[in-house]
Amino acid sequence: MVKQTIQIFARVKPPVRKHQQGIYSIDEDEKLIPSLEIILPRDLADGFVNNKRESYKFKFQRIFDQDAKQETIFENIAKPVAGSVLEGYNGTIFAYGQTGSGKTFTITGGAERYSDRGIIPRTLSYIFEQLQKDSSKMYTTHISYLEIYNECGYDLLDPRHEASSLEDLPKVTVLEDPDQNIHLKNLTLHQATTEEEALNLLFLGDTNRMIAETPMNQASTRSHCIFTIHLSSKEPGSATVRHAKLHLVDLAGSERVAKTGVGGHLLTEAKYINLSLHYLEQVIIALSEKHRSHIPYRNSMMTSVLRDSLGGNCMTTMIATLSLEKRNLDESISTCRFAQRVALIKNEAVLNEEIDPRLMIKRLQKEIQELKDELAMVTGEQRTEALTEAELLQLEKLITSFLEDQDPESRLEVGADMRKVHHCFHHLKKLLNDKKIFGNNTVSNTVSSESKDQDCQEPLKEEEYRKLRDILKQRDNEINILVNMLKKEKKKAQEALHLAGMDRREFRHSQSPPFPPGNPEEGQRMRLSSAPSQAQDFSILGNRSSLLHKKTGMREEMSLGRQEAFEIFKRDHADSVTIDDNKQILKQRFSEAKALGESINEARSKIGHLKEEITQRHIQQVALGISENMAVPLMPDQQEEKLRSQLEEEKRRYKTMFTRLKALKVEIEHLQLLMDKAKVKLQKEFEVWWADEATNLQVNSPAVNSLDHTKPFLQTSDSLHEQSQLFSNKSSGGWEVQGQGTGRFDVCDVNARKILPSPCPSPHSQKQSSTSTPLEDSIPKRPMSSIPLTGDSQTDSDILAFIKARQSILQKQCLGSN
Ligand code: ADP
Ligand code: MG
């Protein structure tokens, strides 16, 4: 058992704006516990309350400042936890902090660079690497990914890809068994045998999470996500299985309701989220107080799920993510305060071992069979389950003659067969019961007369007892002898089995030698054989039919007009730079991998040739020795020495290249998944933007319709150009729409779309969201299902024409204003 308090770490996010000096300081003296001091600027400290403090100091296990790399975070925070999970202990790492403070960045990672990958992908990489190294145990890994939103659980690893809202995902519920163990009904566990499979699951979950998010639910800031790695290990032949779970938790934003300033439906949600974090706080307060018997775990789904991680059988670590800017100081202080309370909680982690019942049954069955075989060997007879008719008849005869025999020394000899012994007892019991029911007459005369005799010959009783006791003793002895015999036989059989096993193992050793690092010769052989499969993996990577790819397949269903609009949208989208960059990197990595693959193949054949040459040389030397009648060549063969050193060199080169290729493979996989995800995001944002444009078109439709009278819309670019001309002619800084007021397009920055996917806000959408933040303005305020597009190419090309016309007006206006 390992007793330890929850470890707390702090991570400060780089500021969005220029660094604001003097807001915090980190004191990290080697000898002291590191502390973070948050200094309130004068204007905040001198508020209404006179005695407001000017600075707050918080202690942490370690504090990671803005420049801390993802690698450092993994090495210092996640690696030790992953290590104990590999040993069989439960582990949890959770990130807590306000929205935008870097929880997702820390737990999952950034979407742009490979080096930005967070704790989850790095931990997966580390765990699979360790599993590969350890051949003493058999491991199984499963992954689950749960999202909790508004007190409901959703399974993010739903492979159906139909979720356009959270409600489409399978609902997960919490069940508690009589032993108060928590079970999650409907949460699927997916087996992952390789790092790639596990990564695919992570990205599948993240993509489902992104797709299911709507402007209404903003799930990423208001939900909790729990990515769990379930690890089971077993030594070969053993029936004991160890289970360990590692929860990697991205909590909802910890900001308070009062600050969010939202009303209506959103407020209900905000309250919910805070309610769930509020219950987490309640649990933590209860745990940090001594002598509290009741811990309110059951109050929320999240605390129920993380029950073991908080004050239970788990090694838990918290990362307080901080965005230390002036406007966030109060939230940062409350995050640190929360961490200080968490640090008081003591957990007791134990190894989770259990006997695998299936294995136990198998072992017992085997043992029974072995014992039966031994018995057959000792007794010389083969036994079946039940006694035969003839045997039963024989036994009953024996019992009758035993009962009738007047000699007190007489014995009922049935042999060392428990089936027969049991049958005798049953038969005697039956006789006794019959006697009770029908009186002494119905049973054997001997028995009745004997008992009668005993009744009248009281003094005999004592002697009878003594004799019976003696007989019993004798029987005991016989049984003991038999048991000892059996034991000896069993031991012999086991020794024989053991010897046979050793022989087999030795045989296996000589067949396929292990791969110790100090034995390059053997190691090389294995590596060589796995190289083609590595190369094959690359080809698979190239045309991987990943589940994620299905999501990007949406474009095939688009009409031509929409496709064209999508291309424009994509070109202007901020993420396209990242996608292009990643595409470039991916290309480079691919060609590097290809070149490496070729070099590896070259090195392989070179190694083969060198070996062949050495063998030839050897044969020649021996032949020379024989022809010259010399048993051993006098001088060491220099040519052979040279060949050998060349071989060693080639092997070293091969090994270096192989390691690099392996790392490249992981990087390529990760980059591809990042790109897939970015594409899905782009697609989703396009749909939202498209729907917005469609609504605008509908609002302004009289104008479009009036144009329709004069010239029908065509899909050619010429006609589009004409269209835009028409629009621009009508407008001089704005254009009139009959009966609709002024449909004026503001001269706003065309480049706005470089940052936000929505072009200039229309008067319509402005009115709708006058109280919202600018970011919310860019997002349509309705669910995706109400998008009035049917994929009808005529309608879609109308929209496209409209958008293009608008774009052209904007450009003209921008040019005009310059
Ligand atoms: P949260 O999940 O807490 O709401 P995110 O992880 O989404 O916050 O972070 C918000 C933004 O800040 C993201 O764009 C993210 O890439 C960036 N970010 C967060 N932490 C860091 C960091 N340590 N270094 C660089 N960028 C970061
Ligand atoms: Mg987040």
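Me: Which residues have the most contacts inside the largest nonpolar core?

Reply: Those are I93, L124, I127, I143, F227, I229 and L248, in a core of 76 residues. The largest share, 18 residues, comes from α20. Before going on: this is a predicted model, where local features need pLDDT of at least 70, side-chain atom pairs count only at pLDDT 80 or more, and totals for chains, interfaces and linings use all residues. Residues are numbered from 1 along each chain as its sequence is written, chains are lettered from A and ligands numbered from 1 in the order in which they are written, and side-chain values use heavy atoms, with hydrogens and water left out.

Me: What makes a set of residues a nonpolar core?

Reply: The members have to be buried Ala, Val, Leu, Ile, Met, Phe, Trp, Tyr or Cys, joined through side-chain atoms within 4.5 Å. Apart from the 76-residue core lies another one of 46 residues, among them V12, Y24, F338 and A339. As a rule, nonpolar side chains in soluble globular proteins tend to be buried together.

Me: What does I127 touch?

Reply: Contact means heavy atoms within 4.5 Å. Leaving out residues up to four places away in sequence, I127 touches A82, L86, I229, L231 and L246.

Me: Why is F227 called buried?

Reply: The relative accessible area of F227 is 0%, so it counts as buried (buried is under 20%, exposed over 50%, partly exposed in between, with a 1.4 Å probe and protein chains only). Y145, at 2%, is buried too. Across the protein, buried residues make up 41% of the 818 residues.

Me: How many aromatic pairs are there, by the ring rule?

Reply: The count comes to ten. Rings of Phe, Tyr and Trp (its six-membered ring) pair if their centres lie within 6.5 Å; planes under 30 degrees apart count as stacked, over 60 as edge-to-face and the rest as tilted. One of the pairs is Y145 with F227: the centres are 5.1 Å apart and the planes at 85°, so the label is edge-to-face.

Me: Why does the pair of Y145 and F227 tie together parts that are apart in sequence?

Reply: Y145 is in strand β8 (residues 138–149) and F227 in strand β13 (residues 224–234), so the pair links parts that are 82 residues apart in sequence. Strands here are DSSP runs of E, at least two residues long, and helices are runs of H or I, at least four, all numbered from the N terminus. The protein has 26 helices and 19 strands.

Me: Why is the pair of F566 and F686 edge-to-face?

Reply: The ring centres are 5.0 Å apart and the planes at 75°, so this pair is edge-to-face. F566 sits in helix α18 (residues 560–572) and F686 in helix α20 (residues 638–699), so the pair joins parts that are 120 residues apart in sequence. F566 is buried at 3%, and F686 is buried at 0%. F566, F569, F686, W689 and W690 form one aromatic cluster.

Me: Where does the charged end of R117 sit?

Reply: Over the ring of Y114, 4.0 Å from its centre. The rule asks for NZ of Lys or CZ of Arg within 6 Å of the ring centre and within 35 degrees of the ring normal.

Me: Which residues does UniProt list for "binding site"?

Reply: The unreviewed UniProt entry lists G97, Q98, T99, G100, S101, G102, K103 and T104; such annotations may be inferred rather than shown by experiment, with positions in the numbering used here and feature names shortened. T99 lies in the loop between β7 (91–96) and α3.

Me: Why is T99 called partly exposed?

Reply: T99 has 32% relative accessibility, so it falls in the partly exposed class. Beyond its neighbours within four places in sequence, T99 is in contact with T221, G253, S254 and E255. T106, in helix α3 (residues 103–107), is buried at 1%.

Me: What is the secondary structure over residues 644–681?

Reply: That stretch is 100% helix and 0% strand, with the end C-alpha atoms 55 Å apart. The unreviewed UniProt entry gives residues 644–681 the annotation "coiled-coil region".
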